[in-house]
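This report describes how parts of one protein model pack together and where open space remains. Please view the sequence and the structure below before reading on.

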Amino acid sequence: LRPSQVRPWFSKKNPSDEAQVIDDGGAVKTFWEHLDDLRGTVFKSLFALAITFHLALVFANRILQVITWPLRRVTDHPENYLLSLNVTDSFVLSVKLAFYVGLVFAAPAILYFVGQFVLPALRPKEKRLLWPGFLAGTVLFIVGAVSCFLFIVPQTLRAFIQASRWLGIEPRWTIDSYISFVTQFTLMTGLTFEIPLVILILVRLGVVGYETVRKGRKILVILAFVVAAFLAPPDPLSMILMAVPLVVLFEITIWLSWFAERRRKARSYDS
């Protein structure tokens, strides 16, 4: 063995720890240096979340007014439907609202820090898709979440109220169950709008082809309803209201996949 291959018995590093990755500047990093970068990424992400969480906690009362807007849209007296049953409900509700809202507003910073961490490991082709994919994903999430909050949630609440009255039951919900329903339904709808983007990126990278996506149209439709069944509230109306826009997005994705594959093949021919 060469002297450089001999590891002293008191060394804490293994030979595998010296696996090197070349970043954009041409420098090399060991496993422990990458681990330190990961720790810094986690710390910065938690710090960003802590800032947005505390800011949201200050405005928790106004955030609650915004979240109860869908209920005010379907009834003139929303306070008659929401109940607080436990002594600690107000405190728990404030923390929950601050966490959800803080997570949403901290998400761009968190994704930026994660992008900084993974960027050196990406190939040039993948790097070109990183920031356009980030921007497109942000837009799709906002469109999905806002559409759900403005249109799907009010219609779902109206259907629940009418169904309860048809059964002769006057609906009364705890404030905690209402907040959980609105926030989770809105966030999950925003996340489901990211699925077509993932498919499009896979086509752009050549992992899957347009023909595969086109032939899998029926599977995508079934996938839309399966995702909606898992993520939407447990009622048929919410599932349909979430699945139908997703099916439309899948159909758009199929045509965009054809365009992306055509551009990828054109570039490969030119090179």
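At what angle do α4 and α6 pack, and how far apart are their axes?

## Basis of the model

This is a predicted model, in which local features need pLDDT of at least 70, side-chain atom pairs count only at pLDDT 80 or more, and totals for chains, interfaces and linings use all residues. Residues are numbered from 1 along each chain as its sequence is written, and side-chain values use heavy atoms, with hydrogens and water left out.

## Packing of α4 with α6

The angle between α4 and α6 is about 10 degrees, and their axes are 11 Å apart. Helices here are DSSP runs (H or I, at least four residues) numbered from the N terminus; axes are lines fitted to C-alpha atoms over the stretch in contact, with angles from 0 to 180 degrees between N-to-C directions. The helices α4 and α6 are therefore roughly parallel to each other (angles under 35 degrees count as such, and 65 to 115 as roughly perpendicular).

In this contact (heavy atoms within 4.5 Å), α4 contributes L93, K96, L97, Y100 and V104, while α6 contributes I175, D176, I179, S180, T183, Q184 and L187. These residues comprise 7 nonpolar, 3 polar and 2 charged. Ala, Val, Leu, Ile, Met, Phe, Trp, Tyr, Cys and Pro count as nonpolar, Asp, Glu, Lys and Arg as charged, and the others, Gly among them, as polar.

## Packing of α2 with α4

The axes of α2 and α4 cross at roughly 75 degrees and come within 10 Å. These two helices are therefore roughly perpendicular to each other. A60, I63, L64 and I67 of α2 touch L93, S94, L97 and V101 of α4. By class, this contact has 7 nonpolar, 1 polar and no charged residues.

## The largest pocket

The largest pocket holds about 1,200 Å³ of space. A pocket is an open set of points on a 1 Å grid where a 1.4 Å probe fits, with protein on both sides within 12 Å along at least five of seven lines; lining residues have an atom within 4 Å of a point. The volume is the space filled by probe spheres set on the points, which are joined across faces, edges and corners.

The lining has 34 residues, with V104, F141, I142, A145 and L187 nearest the centre of the pocket. The elements α2 (60-67), α4 (89-118), α5 (124-166), α6 (175-192) and α7 (195-205) each give two or more residues. The most come from α5, with 10 residues. The lining comprises 27 nonpolar, 6 polar and 1 charged residues.

How values were computed: Parallel < 35°, antiparallel > 145°, perpendicular 65-115°, else oblique.
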